[in-house]
Amino acid sequence: MAKSVIVINGPNLNMLGTREPEIYGAVTLKDIEARVRAHAQQIGLTAEFFQSNLEGEIVEAIQKAANKYDGIILNAAAYTHTSIALMDAIKATGVPTIEVHLSNVFAREPFRHHSYISPAAAGVICGFGAKGYVLAIDALADIFDT
Ligand code: DQA
């Protein structure tokens, strides 16, 4: 059976397209999802999508991934820098997780340089805009093949 991936996006990423386009570009979340879905299909994976502005809902989405998906792509947005709960959820599920950020968080304000997600993630991709999600699909495919 095809391996499956859930792409989880956190707060304010539903606003992509109009939100600070000088940082995040003009691409919408729907555009990103279409791009990721197409690439996943091309390499024989399935991709589903979840977005929430609420930390607890994201914790639940990660918990539910445990028995349902083979990999997680997570852009936790601002919760990246604040949420021990999200880190704990990823560790609890044991599902390989790729952390993604559209922007290069290390070239931005110092409070964005720390991530609670990274210690629990298989790897981190940041600074490549929407392409980062596609790269994350390839990263998970490599993990599935090893
Ligand atoms: C972000 C970076 C975060 O610092 C910020 O809070 C976001 C988006 C990114 O994709 O670049 O909301 O995760």
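Please keep in mind that the model is predicted.

I'll start with the cavity. By the rule used here, the count is one cavity of 30 Å³ or more. The volume of the largest cavity is about 140 Å³.

The lining of the largest cavity is made up of 14 residues. Nearest the centre of the cavity are Tyr24, Ala77, Ala78, His101 and Arg108. Sorted by class, this lining has six nonpolar, five polar and three charged residues.

Now the ligand itself. The residues around the ligand include Asn75, His81, Ser103 and Val105. By class, the shell around the ligand has five nonpolar, four polar and three charged residues.

Which residues place a polar side-chain atom 2.9 Å from an oxygen atom of the ligand? Arginine 19 is one of them, and arginine 112 is another. Leucine 102 takes part through its backbone: a backbone N or O atom of leucine 102 lies 2.8 Å from a ligand oxygen atom.

How much of the ligand's accessible area does the protein cover? On its own, the ligand has 320 Å² of accessible area, and the protein covers 99% of that.

Conventions: Residues are numbered from 1 along each chain as its sequence is written. This is a predicted model: local features need pLDDT of at least 70, side-chain atom pairs count only at pLDDT 80 or more; totals for chains, interfaces and linings use all residues. Side-chain values use heavy atoms; hydrogens and water are left out. A residue is near a molecule or strand if one of its heavy atoms lies within 4 Å of it. A polar contact is a pair of N or O atoms within 3.5 Å; within protein, one must be able to donate a hydrogen and the other to accept it, and residues adjacent in sequence count only if both atoms are side-chain atoms. Accessible areas come from the Shrake-Rupley method with a 1.4 Å probe; for residues, only the protein chains shown count as cover. Ala, Val, Leu, Ile, Met, Phe, Trp, Tyr, Cys and Pro count as nonpolar, Asp, Glu, Lys and Arg as charged, and the others, Gly among them, as polar. On a 1 Å grid over the protein atoms alone, a cavity is a set of points where a 1.4 Å probe fits but cannot get out, and a pocket is an open set with protein on both sides within 12 Å along at least five of seven lines; lining residues have an atom within 4 Å of a point. Grid points are joined across faces, edges and corners, and a volume is the space filled by probe spheres set on the points.
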